[in-house]
There are 2 protein chains.
Amino acid sequence: MTYCVGMMLDKGLVLMSDTRTNSGVDNISVFRKMFTWNVPGERIITLLTAGNLASTQAVISQLEERMKEPDERDNIILKSPTMFQVATEIGKLLRTIIAERQDSNGVKGRGRFTASIIVAGQIAGMEPRLFMVYPEGNFIEASRDTPFFQIGETKYGRPIIIRGYDPEMSMEDAVKLLMVSFDSTLKANLSVGLPLDLQVIERNGFKPKHEHRITHDDPYFQAISSSWGDALKNAFHSLPDYSFYRED
Amino acid sequence: MTYCVGMMLDKGLVLMSDTRTNSGVDNISVFRKMFTWNVPGERIITLLTAGNLASTQAVISQLEERMKEPDERDNIILKSPTMFQVATEIGKLLRTIIAERQDSNGVKGRGRFTASIIVAGQIAGMEPRLFMVYPEGNFIEASRDTPFFQIGETKYGRPIIIRGYDPEMSMEDAVKLLMVSFDSTLKANLSVGLPLDLQVIERNGFKPKHEHRITHDDPYFQAISSSWGDALKNAFHSLPDYSFYRED
């Protein structure tokens with residue numbers, strides 16, 4: 001499995017992804033699921049991928065036209081005029097790649113090669129945008145009502161984001177929130193694993209404000225992981241106590 | 001969907017279940033998923049059910065032999081000498097009922113009629129026991145390493161139980177922990193809904209120590225739901241802050 005989150009804040013975008021891929025529990029590898037294209041000062045676009053690894057890698061390769069000679073390549077992500085068009089092109093590619101795999105394998109409709117992609121970024125002259133692209137190629141855009149997208153193993157880490165998210169929060173606090181969400185997921189599900197990739201894109205920055213790979217010996221992640229247990233216990237004990245002899 | 005939890009403590013068993021069943025989002029009903037048989041002083045046995053409602057209701061009906069005349073009925077749960085045998089009989093019944101439905105409908109192997117059952121209780125002269133029965137009829141028993149079972153929509157409410165559970169906790173604290181776990185699940189997933197059923201079985205009590213149906217106007221649940229948000233925010237802010245300019 002996978003766990004990726006893309007979050008839209010007033011101040012910009014915060015993105016985090018794990019790196020575990022597994023085919024069964026005895027075939028586990030580390031693969032990056034966060035991909036960034038940046039023209040400093042003009043655009044920064046980052047994808048987070050979940051689902052069948054061969055399919056998402058094929059999308060990334062075709063976006064960069066890696067099947068052509070290096071000097072003949074044209075990068076859709078770098079040449080699209082708007083984020084909307086980037087999402088549209090990624091949707092088309094994803095749909096085509098999944099359809100090819102399904103057909104060629106005679107397992108059409110089984111959903112074995114399914115994948116989803118979060119598309120985040122900003123192009124100069126326009127607002128930061130955040131999209132979720134489905135395997136069918138269609139997509140939705142984040143809004144004030146739904147300001148973050150999760151893909152992969154989304155459930156364990158969702159309650160804390162629902163409770164903790166605030167569009168006006170600092171980008172540092174958003175990173176902290178995602179660390180807690182990922183820690184809860186890692187603790188509950190073996191198929192999501194360290195290291196994690198973190199990227200912070202500030203509004204009108206047009207370059208990564210901050211990038212970091214969080215490994216198992218990352219002191220901040222360790223501190224969050226150990227102190228969150230205690231903080232939760234304190235929170236729990238601060239709640240009113242239940243009584244078997246209530247009068248309501 | 002459904003969310004049910006059975007939890008084993010040193011002091012006894014704490015059980016909670018929701019009551020929502022849905023077939024699509026526009027066909028929602030309230031059905032009890034907690035069923036108790038009690039011979040005061042001798043045995044108390046409670047089932048929590050998840051999955052296809054017709055299948056789990058059929059299990060309950062057949063356990064009580066409701067297809068027979070009232071005075072010819074024999075209740076497997078009341079006559080089995082051990083909790084292990086109760087779990088075995090329930091497993092057999094569940095497997096048979098699911099197999100019949102799958103075959104008769106021509107959708108064998110599709111898993112449409114799947115169901116799981118948590119079996120909890122104590123018979124005099126023996127320890128309290130907690131089992132999870134799978135649709136195939138086999139089952140596992142709770143232990144010190146895995147002291148609680150969840151069925152249905154289990155993921156949202158799992159991190160807090162993993163962090164908060166302690167076998168030595170009071171039964172009141174266990175109720176509080178389950179309230180928080182259910183609140184997180186209700187907030188994240190429409191297919192789990194109020195009212196909730198709560199039962200507390202004290203070791204060597206052989207009757208329910210406490211039973212309660214939690215409705216939407218339950219003052220304690222409301223207090224937990226509203227103060228948990230604040231408590232989580234305080235817990236979150238008590239964590240060390242992230243900095244984009246770290247020296248590690």
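Me: How many aromatic pairs does a search of the whole structure find over all chains?
Reply: In this predicted model, the search turns up 14 aromatic pairs over all chains.

Me: Okay, take A:Tyr242 and A:Phe244. Why is that pair called edge-to-face?
Reply: Two values settle it. The ring centres are 5.9 Å apart, and a pair needs them within 6.5 Å. The planes stand at 70 degrees, and over 60 counts as edge-to-face. So edge-to-face is the name for A:Tyr242 and A:Phe244.

Me: And what makes A:Tyr242 and B:Tyr220 a pair, and of which kind?
Reply: Their ring centres lie 4.9 Å apart, which is within the 6.5 Å limit. With planes at 70 degrees against a cut-off of 60, this pair is edge-to-face too.

Me: Where do the two partners of that pair sit?
Reply: The pair crosses between chains: A:Tyr242 belongs to the segment after α6 (219-238) of chain A, while B:Tyr220 is in helix α6 (residues 219-238) of chain B.

Me: What about A:Cys4 and B:Cys4, buried or exposed?
Reply: A:Cys4 has 0% relative accessibility, so it's buried. B:Cys4 is at 0% as well, and therefore buried.

Me: How many disulfides are there over all chains?
Reply: Zero, from a search of the whole structure. To count, two cysteine sulfur atoms would have to be within 2.5 Å.

Me: Which residues form an aromatic cluster with A:Phe131?
Reply: A:Phe84 and A:Phe139 are in one cluster with A:Phe131.

Me: Which ring does the charged end of A:Lys176 sit over?
Reply: The ring of B:Phe236, at 5.0 Å from its centre. The distance limit for such a contact is 6 Å.

Me: How do you know how the two copies are related?
Reply: Chain A can be laid on chain B by a turn of 180 degrees and a shift of 0.0 Å along the axis, with an RMSD of 0.0 Å. The copies are therefore related as by a two-fold rotation axis.

Me: Which C-alpha of chain A is nearest the axis?
Reply: That of A:Tyr156, 2.4 Å away from the axis.

Me: And what makes you say that the same surface serves both copies?
Reply: 100% of the contact residues of chain A recur in chain B.

Technical notes:
Residues are numbered from 1 along each chain as its sequence is written. Chains are lettered from A and ligands numbered from 1 in the order in which they are written. This is a predicted model: local features need pLDDT of at least 70, side-chain atom pairs count only at pLDDT 80 or more; totals for chains, interfaces and linings use all residues. Side-chain values use heavy atoms; hydrogens and water are left out. Buried means under 20% relative accessible area, exposed over 50%, partly exposed in between (1.4 Å probe, protein chains only). Rings of Phe, Tyr and Trp (its six-membered ring) pair if their centres lie within 6.5 Å; planes under 30 degrees apart count as stacked, over 60 as edge-to-face and the rest as tilted. Helices (H or I, at least four residues) and strands (E, at least two) are DSSP runs, numbered from the N terminus. A charge sits over a ring if NZ of Lys or CZ of Arg is within 6 Å of the ring centre and within 35 degrees of the ring normal. Copies are superposed by least squares on the C-alpha atoms of residues with pLDDT of at least 70 in both. Contact means heavy atoms within 4.5 Å.
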